[in-house]
Each structure stands twice: as C-alpha cells, then as structure tokens.
Amino acid sequence: ARLAKEAKEREKARRAAAKKTVENVTVTGDSESGVAVAEYAVQFVGNPYVWGGTSLTNGADCSGFVMKVYENFGVSLPHSSSADRKQGYAVDGLENAQPGDLICYSGHVAIYIGNGQIVHAANSKLGIIISQANYRKILAIRRIF
C-alpha cells in the first residue's frame with residue numbers, strides 16, 4: 001500500500017511539473033536535440049533542490065538535474081559536476097554556446113538555454129531556476145549533441 005501511494009504521489013508530481021510553464025522563455029538554436037533538451041529542462045523550474053538528489057520533480061542537485069534531463073534523451077552523464085567538465089566536446093566561449101550545452105563552474109553545472117541564460121538546480125533556497133550564464137566564472141562549456 002505504501003509503495004502504491006508513493007508511486008501515485010510521484011505521478012501526481014510529474015503531471016504537475018509537465019503542466020507548469022515558464023513565461024518569457026524561448027529556446028532557439030541550431031541543434032534540434034540541444035533545443036529539445038533545453039525546452040525539457042525549463043519545465044522543472046520551481047522544483048526543489050536536494051543535495052545528492054536526482055528527481056526532477058521531488059528534488060535534485062545540479063549534476064543530478066543535468067544527469068536526469070539528459071537521461072530523458074538517452075544520454076548517460078555522471079552525477080558529478082567536475083566529471084561533467086569532461087563530457088562531450090569543448091565549446092570555445094559563451095558566445096558560441098548553443099541550447100543544451102553544459103555550462104560548468106567550480107563545483108556546479110547547468111544547462112544553457114540561449115540568450116545568455118542557464119537553467120540549473122541552484123541551491124536549497126532557490127531550487128531549480130533560470131539565471132544569467134555569467135553569474136559566476138565559467139570553467140568550461142561542453143556540447144553533448
């Protein structure tokens with residue numbers, strides 16, 4: 001009974017997240033796959049940050065968020081922001097970033113959505129949010145698709 005109740009609660013949270021829209025966010029880019037990743041990721045804005053978490057609806061940390069978003073597209077990424085800096089291939093500069101690219105910081109990782117913005121699991125106070133990509137020093141930009 002407990003498992004059935006938990007499964008029902010997860011499904012309810014998933015449906016609620018799918019209905020959630022983020023106003024004023026338009027994702028455009030040259031990579032159809034990257035745009036799809038970015039569009040999928042922004043639907044989870046407003047959901048909680050949970051250190052070590054990997055649930056897009058019930059809470060994820062930064063690398064857990066990125067990992068689960070990409071998992072939806074058949075891509076396996078590590079649950080480690082530092083390991084994410086070695087995935088895919090390098091992109092030279094934010095001006096060359098495309099939606100879906102990983103934006104890597106010291107101890108943090110995010111998904112680029114275009115127009116100089118990222119979507120990321122920021123912290124336990126803010127949860128999953130959209131921010132300016134250059135809010136911190138960028139260590140690497142990695143293209144997966």
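# Close-up views of a predicted model

Figure 1. Leaving aside neighbours within four places in sequence, Ser81 makes contact with Cys62, Ser63, Gly107, His108 and Val109. Ser81 belongs to helix 4, which spans residues 81-84. With a relative accessible area of 13%, Ser81 is buried.

**Figure 2. Overall arrangement of the chain and confidence of the prediction.** The chain contains 4 helices and 8 strands. Along the sequence, these elements follow the pattern α-α-β-β-α-α-β-β-β-β-β-β. Of the 145 residues, 44% count as buried. Among contacts with a separation of 6 or more, 55% are between residues 24 or more positions apart. The average pLDDT of the chain is 90, and 86% of the residues score at least 70. For residues 18-22, however, the pLDDT is below 50; this stretch has 8 contacts in the model beyond near neighbours in sequence.

Figure 3. Six strands form an open sheet in the order 3-8-4-5-6-7, with antiparallel pairing. Strand 3 (89-90) and strand 7 (127-132) are the edge strands, each of which pairs on one side only. Helix 2 packs on the sheet and touches strand 5, strand 6 and strand 7. The direction of helix 2 makes about 110° with that of strand 5. Helix 3 also packs on the sheet, where it touches strand 4, strand 5, strand 6 and strand 7. For helix 3, the angle to the direction of strand 5 is about 50°.

**Figure 4. Strand 4 and its two pairing partners.** Strand 4 and strand 5 run antiparallel and are joined by 4 bridges. Leu102 has Ile111 of strand 5 as its bridge partner, and Tyr105 is partnered by His108 of strand 5. The two strands form a hairpin with 2 residues between them. In the turn, Gly107 has a positive phi of about 75°. Strand 4 also pairs with strand 8 (residues 140-143) in the antiparallel sense, over 3 bridges. In this pairing, Ile103 stands opposite Ile141 of strand 8. In a regular strand, side chains alternate between the two faces of the sheet. Both faces of strand 4 are covered: Leu102 and Cys104 are buried on one side, and Ile103 and Tyr105 are buried on the other.

**Figure 5. The largest nonpolar core and the contacts of Val119.** The largest nonpolar core has 28 residues. Phe65, Val66, Tyr70, Leu102, Ile111 and Val119 have the most contacts inside this core. Two or more residues are contributed by each of helix 2 (32-42), helix 3 (62-71), strand 4 (102-105), strand 5 (108-114) and strand 6 (117-123). Not counting residues up to four places away in sequence, Val119 touches Ala41, Val42, Val45, Phe65, Ala110, Ile111, Ile113, Ile128, Ile129 and Ile130. Another core, of 9 residues, lies apart from the largest one and includes Ala97, Ala110, Ala133 and Ile141.

**Figure 6. Cys62 and Cys104, two cysteines without a disulfide.** A search of the whole structure finds 0 disulfides. The cysteine sulfur closest to that of Cys62 belongs to Cys104 and is 9.5 Å away, so the two are too far apart for a bond. Cys104 is likewise in no disulfide, and the sulfur of Cys62 is the nearest cysteine sulfur to it. Cys62 counts as buried, at 8% relative accessibility. Cys104 also counts as buried, at 0% relative accessibility.

**Figure 7. Asn115 in the loop between strand 5 and strand 6.** Asn115 is not a glycine, yet it has a positive phi of about 55°. With a relative accessible area of 64%, Asn115 is exposed.

Notes: Residues numbered from 1 in each chain as written. Predicted model: local features only at pLDDT ≥ 70, side-chain atom pairs only at ≥ 80, totals over all residues. Heavy atoms only, no water. pLDDT = per-residue confidence, 0-100. Contact = heavy atoms within 4.5 Å. Core = buried A, V, L, I, M, F, W, Y, C linked by side-chain atoms within 4.5 Å. Buried < 20%, exposed > 50% of the residue type's maximum accessible area, 1.4 Å probe, protein only. Pairing = 2+ DSSP bridges. Axes fitted to C-alpha atoms, helices over the stretch in contact; angles between N-to-C directions. Disulfide = S-S within 2.5 Å.
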